[in-house]
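Reader: I am new to this structure and would like one careful look at its side chains. Please begin with the nonpolar ones and then follow the charged ones.

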Amino acid sequence: MLKSFTRNFEDNSTDAGFQFTFYCDICSDGYKSSFIESETYKKKSGLKGLGQGIGIVGSLFGGVAGSVGNAAQRGGSVLSERFDGKSPEWQKEHERAFEMAQNESRQHFHRCPSCNKYVCDACWNEEEGLCTDCAPRQEIYVAKTRADAMKRNIDSAGETATVWQGAIESKTTICPVCGKPAGNGKFCNNCGASMELKACPNCGAKNALTVRFCNNCGTNLAEAAAPPAQPGKCSSCGAENPPGTKFCGDCGAKL
């Protein structure tokens, strides 16, 4: 059973050889061990020097592993489906290569005595001798705390800020002819009546068709729009009478 010194590792081995990646328990940056050729494969295929130029030297790389399992979940990786059918000689080589890979990779990690995590250099607080989860670097923690406080202050100010001064009201225009919503055009969408604003005859201000009084000077728009009264002419004697007169002033006839 393969058991890694870190919680997370990945087996990159193939028929041709062995290689493993070990990951930091905090940031998941990884170290890939040197490639080790399989002697069993070389004897079987008759190939020499197959591993040259293919990851011979181990390397560190960043990024979170997409399919990294911990040691408990990968405890049966030696006999996993991926390596079913391999010869006993290959399996022994695999185990030896894994031990060599661990010895090579362990020097790139630090074991935190507080939480027992294995971490990379970036997640190790050299001054305190602990991982950065247990002992964050002071300057980084102070900067992060200040940034968090700034965000809280901005969020608090944003909650009380007034960003809208206008009145919330309906802008629907009702047609004075048919009484239905007229839309936003110059003519009613339902009956085609003109929706142009009417001008006050007193001050010239524009008013909606539905208002009865000018919104600028208060003039009664209904009375202002009514045609002027015409003088009454008596049908009996032909005399002219003032507007609104009910009986002729000359002969008394009803107008």
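Author: A nonpolar core is a set of buried Ala, Val, Leu, Ile, Met, Phe, Trp, Tyr and Cys residues joined through side-chain atoms within 4.5 Å, where buried means under 20% relative accessible area, exposed over 50%, and partly exposed in between, with a 1.4 Å probe and protein chains only. The model is predicted, so local features need pLDDT of at least 70 and side-chain atom pairs count only at pLDDT 80 or more, whereas totals for chains, interfaces and linings use all residues. Residues are numbered from 1 along each chain as its sequence is written, and side-chain values use heavy atoms, with hydrogens and water left out.

The largest nonpolar core has 20 residues, and those with the most contacts inside it are Phe20, Phe22, Cys24, Phe109 and Val119. Two or more residues each come from strand 3 (20–23), helix 2 (88–106) and strand 9 (118–119), with helices (H or I, at least four residues) and strands (E, at least two) being DSSP runs numbered from the N terminus. Helix 2 gives the most to this core, with four residues. A second, separate core has five residues, including Cys175, Ala182, Cys188 and Met195.

Turning to charge, the structure holds five salt bridges, each being a side-chain nitrogen of Lys or Arg within 4 Å of a carboxyl oxygen of Asp or Glu. One of them joins aspartate 133 to lysine 117, with the closest N and O atoms 3.1 Å apart. This pair links distant parts of the chain, 16 residues apart, since aspartate 133 lies in the loop between strand 11 (130–131) and helix 3, and lysine 117 in the loop between strand 8 (110–111) and strand 9. Aspartate 133 is partly exposed, at 46% relative accessible area, and lysine 117 is also partly exposed, at 23%.

Lysine 144 counts as exposed at 51% relative accessibility, while aspartate 148 is partly exposed at 23% and lysine 151 is partly exposed at 47%.
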